[in-house]
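Please keep the sequence and the coordinates in view while reading.

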Amino acid sequence: MRTDAAGVAPLITGGKRPADVTRDVCGPLEGRPTGLWYLGMAVALSAFGLGALAVGYQVANGIGTWGLNRTVGWGFDITNFVFWVGIGHAGTLISAVLLLFRQKWRTSINRSAEAMTIFAVICAGLYPVIHMGRPWLAYWVFPYPNARGPLWVNFRSALLWDVFAIGTYFTISLVFWYIGLIPDLATVRDRATGWRKKVFNVLSFGWIGSARTWSRYETACVLLAALATPLVVSVHSVVSTDFATSVIPGWHATLFPPYFVIGAVFSGFAMVLTLMIVARKVMRFEDYITMKHIHAMCKVLVFTGSIVGAAYLTEIFTAWYSGNPYEKFVFMNRAGGPFAWAFWIMVSCNVISPQLLWFKRVRNSVLAIFLLSLLVNVGMWFERFVIIVTSLHRDFLPSSWAGYVPTKIEMGSLIFGFGLFFTLFLLFCRFLPMIAMFEVKTVLERPAQAQPVGSLEAGEEAAA
Amino acid sequence: MTRHLHIGYFDDERRLLGAARECRDRGIPVVDAISPFPVHGIDEALGIRPSRLPWVTLVGGTAGAVLGLLLQYWTAGVNWPLNVGGKPLDSFPAFVPVAFELTILFAGLSTAGALLLRSRIWPGRGVRRGFETTTDGTHALVLEERDASFESREFRELFLRHGATRSVERAEVIA
């Protein structure tokens, strides 16, 4: 790897100039989609279609089509909800927290990571709505004047806090992402012809890049980042209070908010790695998303994975130290009960597998990192499954104990989320610039000095 | 009224900065500098004051917090007082999460809205001609010829001295 005088590898390789960035990023949007894109779209749309059939069947016939029972009232639905909200967190972390910390490597991946956030939050938001059973009444969760009294929503419930947290998170993420897109949409507009020019003319808000606008724009981006940072911490904290404010052993823990936030960042970075490793190969972005970027994300993965491991140990220690027989039983039951297989999948994927990155041979193999990121995705899905199902299925009274087996319809609802997410992501790759061009242009390696003035005068074409 | 503009195009932001600084030092009116990415130092060279957007954020956020708390207090404690788990009607600790989210929501939306309005950018707004390449890799410096003290030739010379690749003279009608 080429390094500069200070011995630091450049962020963007290949000696790119600003015009090269424009060409490399806009090029794939202007030609025809590749065969690989059509293949990916076919798979994603099939999954989405299959999932939509399952969800449609459930909405038509009721929640009874799921494997939930009186004891296990939450299963795949809330597992999927928490999983997808968590996935979103890495996008905000990369775009907002790393902006505040001036981490320049974020510029290559922040656009796609933010898109991932928005699509993941869309998936997340759909599960509680599906779970309502009568999704056409979903607007009842909002406090609006109604003819029933007016009967207001219960602001003391963590479930309602979720409505506001997820709603705000989606809105602010979308606004932040779109504002970040405007200068690049203008770049696409200025290269486009025909109907694409008309569409991007509307989308780019008449942007040309005036110095005054840039000045305000940068201020606004820092402000939005400063708002999004506490927001992202609050969102998964609020999600964790869905569990922590209840009296269920295994849920009722003050550890939950930080434990959920760090788990969310962990799973989100795994998903960013999964997506970026595929994208850099398929879109030929190896010069933009370099091994340096992948290694930076791997470091985050090891760090957050270790904290997740520490949180598991803390939970177990607290259960033992509390002296509460119900708490103790929950954790014994997790590790050795009917769902022990899920618990050990969770531990091996989340705690053990990221530690393999300490080995140089593992972290220098893109394939190994890709497989690791998939394992973490699986492990974090199971974490939510373990938290929800194992805490519920053994009630306080043994006469209420129950099992939980998801039905085919629930399996379909799991596939629905992945189908929707990848459909949206592939559409994004096809129609919008995947890399924040204007931000990458500011971190390019520049010649130490501008070329001597005289050498350019030959190209003068002064129009008087 | 017509104004007489001179536009110089540069390939490197350091050249743009050099030309902009000379204009500032010699008192030549700069209409605008247009760049494909934010150029550090251009604010100072053009005399652009720090943005006042943070004030909008502050006002928006405060409004969100106050409205959020009022909404919850009024609905849960005044309009239809409801006993939930024996908690007091004005159970403010439980109102914190929603008030916090509304603070962020109002602050964020007002910041974004103010940015668009103040910068005069919105969906479908037309693009000023002559700046088709400034979203790619070219920087443009727009100067105004106000009186006869500075001739067209001198503008062109100024641009070329700083390494402009192209310079254009244009009369623009402003309402």
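Once residues up to four places away in sequence are set aside, A:Arg430 touches A:Pro33 and A:Trp37. The model is a predicted one, and in it A:Arg430 belongs to helix H14 of chain A, which covers residues 408–431. Although A:Arg430 and A:Trp37 are 393 residues apart in sequence, their C-alpha atoms are 8.4 Å apart in space. A:Arg430 counts as partly exposed because it has 14 C-beta neighbours inside 10 Å.

B:Arg49 sits in the loop between helix H2 (42–46) and helix H3 (53–79) of chain B. From B:Arg49 to B:Leu71 there are 22 residues in sequence and 38 Å in space, C-alpha to C-alpha. With 8 other C-beta atoms within 10 Å, B:Arg49 is exposed, since 12 or fewer such atoms place a residue in that class.

Taken over C-alpha atoms, the centres of domain 1 and domain 2 of chain B are separated by 48 Å.

Apart from neighbours within four places in sequence, A:Met116 is in contact with A:Ile87, A:Gly91, A:Met271, A:Val272, A:Leu275 and A:Phe425. Helix H4 of chain A spans residues 110–131 and has 22 residues; from its first C-alpha to its last it reaches 32 Å, close to the 32 Å expected at 1.5 Å a residue. H4(A) is mostly covered, with 19 of its 22 residues buried. After H4(A) comes A:Gly133, whose phi is positive, near 85°.

The two chains also touch one another. In this contact, 60 residues of chain A meet 69 residues of chain B. On the side of chain A that touches chain B, the elements giving two or more residues are helix H1 (18–30), H5, helix H6 (194–203), helix H7 (211–244) and helix H15 (437–443) of chain A. H7(A) provides the largest share of that side, 16 residues. By residue class, the side of chain A that touches chain B divides into 34 nonpolar, 16 polar and 10 charged residues.

Several loops of chain A carry backbone features of note. A:Pro150 is placed in the loop between H4 and H5 of chain A, and a cis peptide bond, with omega about -5°, joins A:Gly149 to A:Pro150. In the loop between H6 and H7 of chain A lies A:Phe205, a residue other than glycine with a positive phi, near 60°. A:Arg284 is exposed, however, with 12 other C-beta atoms within 10 Å.

Confidence in chain A remains to be considered. The mean pLDDT of chain A is 88, and 94% of its residues reach 70 or more. Confidence in this chain is lowest in H1(A), at a mean of 84, and highest in helix H2 of chain A (residues 35–61), at 94. Over residues 1–6 of chain A the pLDDT is below 50, and this stretch has five contacts in the model beyond near neighbours in sequence. Residues 454–464 of chain A also have pLDDT below 50, with 14 contacts in the model beyond near neighbours in sequence. Where pLDDT is low, predicted coordinates should not be read in detail.

Notes
Residues numbered from 1 in each chain as written. Chains lettered and ligands numbered in written order. Predicted model: local features only at pLDDT ≥ 70, side-chain atom pairs only at ≥ 80, totals over all residues. Contact = placed C-beta atoms within 7 Å. Helix = DSSP H or I, 4+ residues; strand = E, 2+ residues; numbered from the N terminus. Nonpolar A, V, L, I, M, F, W, Y, C, P; charged D, E, K, R; others polar. Domains from an automatic or database assignment. pLDDT = per-residue confidence, 0-100. Expected span 1.5 Å × (residues − 1). Buried ≥ 20, exposed ≤ 12 C-beta atoms within 10 Å, placed from the backbone.
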